[in-house]
Amino acid sequence: MLGGNGFVGRAVMADALDQGAEVASFSRGKSGTDLPPEVTQLVGDRDTGDYAALRTGEWDVVVDLSGYQSKHVDDAMDVLGDRVGRYVFVSSHAVYVRDLPPGTDENAARRPPLRAAAVLTNDTYGPCKVACEDDVLERYGDRATIVRPGKVTGPGDSTSTVVYWIRRGGRGGRVALPTRPEQPLQLIDSRDLGRLVVQLITDGRSGAFNAVGPFSTIAELIETAAELSGTSVELVQVPVDAVPARFPLVEAVEEAGERRRNPAKARAAGMPVTPLRQTVADVLAWDRDRGEPPLDVGLSAEDEQKLLGQG
Ligand SMILES: NC(=O)c1ccc[n+]([C@@H]2O[C@H](COP(=O)([O-])OP(=O)(O)OC[C@H]3O[C@@H](n4cnc5c(N)ncnc54)[C@H](OP(=O)(O)O)[C@@H]3O)[C@@H](O)[C@H]2O)c1
């Protein structure tokens, strides 16, 4: 696993270990906590091209979770060559052209590939993943599997985006919501993603798979967290320009179809569907267990109160 110690990597790793796989994780060794003792840790850096730790050994499969630019996958494929049976590339649903209608599947048009970007932004991340997909497919053909997750969450979520709203719902009271309550979401539980990846490997499936979860809305996410915490919320819609830019999960109306992608192919291949309620319950418990550290996004309680005229 390239990036086995990251958030998604951990979920794939847990499932693979459950299935009795032998796992090695390659990374800089910076992210996350210690790996399980049975996992071999290989240290290297894809940005500097340090792949010395991968120069020996043979693998039935590589799961690439840290490929963001074509240089990353090209270097890794040069080093691994035919010492790997299958290359599973964890891409993103951001590869698709923007503003698609609801219900599109893996055949939807992708954005033009971008071979390198100085910085990954909303505009460059998807096109860079397209270039990675193309290179992996060109090199491994039928031995390539492409997984395109939507927004992932679950216990261990290393980004604050979904956790902000789950935690906010859990606190109850009047909630400043800079979008419409019915804004669609399609979160995938990290454990469902892990199960899909491992099942695709077990069955030797090629091609692309939309790893997206059940349909929900932002109101449902917040209200579920409130209910599970024994409280209630009043959602108060506030103007989007009254809150910091790129507010967690807040999206333009035109992007609604991007949260209603067709998961049929991945489900047929064995992707489970953890109900949103279960995912939220497990994130709440995990977040409380770790002591609810400060988040780097959203509004502080004080700023939210001021915005709602309660300060
Ligand atoms: N999270 C989501 O909602 C989401 C949605 C769609 C797609 N994805 C895709 O899923 C994959 C994993 O995402 P994630 O959320 O699990 O990310 P993450 O938690 O940031 O994990 C990234 C992993 O890559 C490793 N890594 C980063 N830079 C590296 C480098 N220069 N050399 C070697 N290893 C490096 C990290 O380990 P070290 O820091 O120890 O090096 C870590 O294991 C990514 O490809 C992402 O594009 C994620």
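Here is a short walk through this structure, from its sheet to its helices and then to its ligand. Keep in mind that the model is predicted.

Let's start with the sheet. Strands in a sheet pair through backbone hydrogen bonds, and they can do so in a parallel or an antiparallel way. Now zoom in on one pair: S5 (residues 144–149) runs alongside S10 in the parallel sense, and five bridges link them. Look for Pro149, which stands opposite Ala211 in S10.

For H2 (residues 70–80) and H3 (residues 125–140), the axes come within 8 Å and cross at roughly 20°. Angles under 35 degrees count as roughly parallel, so that is the label for H2 and H3. The crossing of H2 past H3 is right-handed. On the H2 side, the contact is made by Ser70, Val73, Asp74 and Met77, while H3 brings in Ala131, Cys132, Asp135, Val136 and Arg139. Sort the residues of this H2 and H3 contact by class and you get five nonpolar, one polar and three charged.

H6 (residues 218–228) and H8 (residues 276–289) have axes 10 Å apart and pack at an angle of about 60°. That angle makes H6 oblique to H8. H6, too, passes its partner H8 in a right-handed crossing. To find the contact, look in H6 for Glu220, Leu221, Thr224, Ala225 and Leu228, which meet Leu276, Arg277, Val280, Ala281 and Leu284 of H8. By class, the H6 and H8 contact has seven nonpolar, one polar and two charged residues.

Finally, head over to the ligand. Around the ligand there are 22 residues, and Gly3, Gly6, Ser27, Arg28 and Ser66 come nearest. Helix H1 (residues 7–18) gives the most to this shell, with three residues. What classes of residue make up the shell around the ligand? There are six nonpolar, ten polar and six charged residues.

Methods
Residues numbered from 1 in each chain as written. Predicted model: local features only at pLDDT ≥ 70, side-chain atom pairs only at ≥ 80, totals over all residues. Axes fitted to C-alpha atoms, helices over the stretch in contact; angles between N-to-C directions. Helix = DSSP H or I, 4+ residues; strand = E, 2+ residues; numbered from the N terminus. Parallel < 35°, antiparallel > 145°, perpendicular 65-115°, else oblique. Left-handed = near helix turned anticlockwise from the far one by under 90°. Contact = placed C-beta atoms within 7 Å. Nonpolar A, V, L, I, M, F, W, Y, C, P; charged D, E, K, R; others polar. Near = placed C-beta within 6 Å. Pairing = 2+ DSSP bridges.
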